[in-house]
Amino acid sequence: MFASVTAGKQAAVMVPTEILAEQHEQTLREWLPTDVVVERLTGSVKGKKRREITTAIGDGTCHVVIGTHALIQDDVEFFDLGFVVIDEQHRFGVQQRKSLKEKGILADVLFMTATPIPRTLSITTYGDMDVSKIDQMPAGRKPVETYWVKENMMNRVLSFVLKQVQQGHQAYIICPLIEESDELDIQNAVDLYHQLEEMLSNETEVGLMHGRLSTEEKEDVMNRFAMNQTKILVSTTVVEVGVNVPNATIMMIQDADRFGLSQLHQLRGRVGRGEAQSYCILVADPKGDTGKERMRIMTETTDGFHLAEKDLELRGPGDIFGVKQSGLPEFRLGDLVHDYRALETARQDAYEIVETNKLQEEAYQPLRHYFLQQAKANRDLLH
């Protein structure tokens, strides 16, 4: 981003939540030189302040902007956008990511995620993306231990959570719903919060976090948790990204089979950020084989790429030429999971043939003839 700014271009970072946008803004203001102008544009920035920021983006006086979906609104026009960073890429749709890129002319794009979604994993096979992998943990951190338990072990699990809290640590408890639902018999955050508050009123402070709270309320809840005033935070998946509380050592996920592998891995990533041993406890009793397989994979690996490959096996890679992010494409022979290496070799060969113009050579005439025949038959697709 700094290189882009020094080259006279602008840089933009799009993140899924306001909390994460604030964290990135603080970090970038610390890291970048003071003459680099950094602004934050989110849904809560309104009126005069918003107009000032959009004007600065439009006339180039703002060099780096961090924002949420607010960045892709029609009134946000860049002076010269050269570099786009999409953080937590799996939280954005294909069109959303594309619309930010198109606010610049041939802008370079960096996607960041702990869990590459299946569609992305398959696109890397086709060579539209270069992949860099950070596979080492920061110094002093230990891998998170993951356990899968059934509902009937809740008392033991809560005792373990309480024990960790008494040792000075903190815990997240994630629920799939905010409130009770007639259709779904699964744990909801509000009920669980009240139950825990009643049970633990004399022992520790319990907080509640969900998407219906106002921005100010969310900030207040998160700040209390970050400052170790709240020991147990009952939440929906709004804490999935961008929350950094090194003192939190427990991530307990209710009805874990209701979540996808990527989401479970992201939630697990909220703990293990300090030097103490951390634990992820998946509470689930899945009925189907896919749900059981997800739980098993989660307990076996903490590698985001391996999880993405398993996710690819379970739900398919999505639409290469369109916007669908999962489901199986129609191939005659290739299997994106099992034939990954062969597909990669084929892509490299195809790239070399085109780059070195080998299709003009005598030996490649049958291939050229076949390709032209296919092109005529599939003119619509190629257009």
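At what angle do the axes of helix H9 and H11 cross, and within what distance do they come? The axes of helix H9 (residues 261-268) and H11 cross at roughly 160 degrees and come within 9 Å.

This is a predicted model, in which local features need pLDDT of at least 70 and side-chain atom pairs count only at pLDDT 80 or more, while totals for chains, interfaces and linings use all residues. Residues are numbered from 1 along each chain as its sequence is written, and side-chain values use heavy atoms, with hydrogens and water left out.

**Helix pairs**

Two packed helices are described by the angle between their axes and the distance between the axes. Axes are lines fitted to C-alpha atoms, for helices over the stretch in contact, and angles run from 0 to 180 degrees between N-to-C directions. Helices (H or I, at least four residues) and strands (E, at least two) are DSSP runs, numbered from the N terminus.

| Pair | Angle | Axes |
|---|---|---|
| H9 and H11 | roughly 160 degrees | within 9 Å |
| H10 and H11 | about 170 degrees | 11 Å apart |

The angle makes H9 roughly antiparallel to H11; angles under 35 degrees count as roughly parallel, over 145 as roughly antiparallel, 65 to 115 as roughly perpendicular and the rest as oblique. Leu261, Ser262, His265 and Arg268 of H9 meet Gly304, Leu307, Lys310, Asp311 and Leu314 of H11, where contact means heavy atoms within 4.5 Å. This contact of H9 with H11 has three nonpolar, three polar and three charged residues. Ala, Val, Leu, Ile, Met, Phe, Trp, Tyr, Cys and Pro count as nonpolar, Asp, Glu, Lys and Arg as charged, and the others, Gly among them, as polar.

Helix H10 (residues 289-300) packs on helix H11 (residues 304-315) at an angle of about 170 degrees, and therefore H10 and H11 are roughly antiparallel to each other. On the H10 side the contact is made by Thr290, Glu293, Arg294, Ile297 and Met298, and on the H11 side by Leu307, Lys310 and Leu314. Four of these residues are nonpolar, one is polar and three are charged.

**The sheet**

Five strands form an open sheet in the order E2-E3-E1-E4-E5, with parallel pairing. Two strands pair if DSSP finds at least two bridges between them. Strand E2 (38-41) and strand E5 (108-112) are the edge strands, each pairing on one side only. From one strand to the next, the twist averages 15 degrees. Strand E4 (residues 81-87) runs parallel to E5 and is joined to E5 by five bridges. Phenylalanine 83 has aspartate 108 in E5 as its bridge partner.

Helix H3 (residues 47-59) lies across E1, E2 and E3, running at about 130 degrees to E2.
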